[in-house]
Amino acid sequence: QVTLVESGGGLAQAGGSLRLSCVASGNSISGYTMVWYRQHSGEEREFVALITRDGSAKYQDFAKGRFTISRDNAKNAVDLQMNSLQYTDTAVYYCNIFGKNFWGQGTQVTVSS
């Protein structure tokens with residue numbers, strides 16, 4: 001069993017930046033593909049970015065060029081650097097192990113236009 005705790009969300013102005021962090025406990029996540037998702041109010045959760053165990057990253061189109069996913073195996077964590085924030089980035093952001101359901105509480109990102 002793995003517990004994932006997201007943090008780093010908050011209020012940002014359009015064009016600003018936030019760095020989200022997802023820290024795992026209970027087991028090492030270094031061998032897993034890790035995924036960031038987000039959920040707009042009233043909508044289904046959507047894929048944002050993933051990073052494989054060897055560090056390869058993939059992004060949803062809206063995240064390309066603005067978001068960067070990274071992992072720190074020493075901290076048992078995965079981060080999401082979000083730059084050039086847009087109002088449409090307002091959502092609750094979650095991380096998870098690919099294919100698993102270890103959902104945490106998420107972290108709210110609110111971007112003011």
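Visitor: Which strand does strand 1 join, and how do the two run?
Guide: Strands here are DSSP runs of E with at least two residues, and helices are H or I runs of at least four residues, both numbered from the N terminus. Two strands pair if DSSP finds at least two bridges between them. Strand 1 (residues 3–7) has five bridges to its partner, strand 3 (residues 18–25), and the two run antiparallel.

Visitor: How far can I trust such details?
Guide: This is a predicted model, in which local features need pLDDT of at least 70 and side-chain atom pairs count only at pLDDT 80 or more, while totals for chains, interfaces and linings use all residues. Residues are numbered from 1 along each chain as its sequence is written, and side-chain values use heavy atoms, with hydrogens and water left out.

Visitor: What is the bridge partner of Val5 in strand 3?
Guide: Strand 1 and strand 3 are joined by five bridges. In strand 3, the partner of Val5 is Val23.

Visitor: Which residue in strand 8 stands opposite Leu20?
Guide: Strand 3 also pairs with strand 8 (residues 77–82), in the antiparallel sense, over six bridges. Opposite Leu20 stands Leu80.

Visitor: How many helices and strands does the protein have?
Guide: Along the sequence the pattern reads β-β-β-β-β-β-β-β-β-β. The count is zero helices and ten strands.

Visitor: What is the radius of gyration of the protein?
Guide: The radius is taken over C-alpha atoms, and the globule rule is 2.2 Å times the number of residues to the power 0.38. For 113 residues that rule gives 13 Å, and the protein is close to this, so it is as compact as a globular protein of that length. The radius of gyration is 13 Å.

Visitor: Is Thr33 buried, partly exposed or exposed?
Guide: Thr33 lies in the loop between strand 3 and strand 4 (34–39). Buried means under 20% relative accessible area, exposed over 50%, and partly exposed in between (1.4 Å probe, protein chains only). With a relative accessible area of 24%, Thr33 is partly exposed.

Visitor: What distance separates the C-alpha atoms of Thr33 and Leu50?
Guide: Contact means heavy atoms within 4.5 Å. Leaving aside neighbours within four places in sequence, Thr33 is in contact with several residues, including Leu50, Arg71 and Phe98. Thr33 and Leu50 are 17 residues apart along the chain, and their C-alpha atoms are separated by 6.8 Å.
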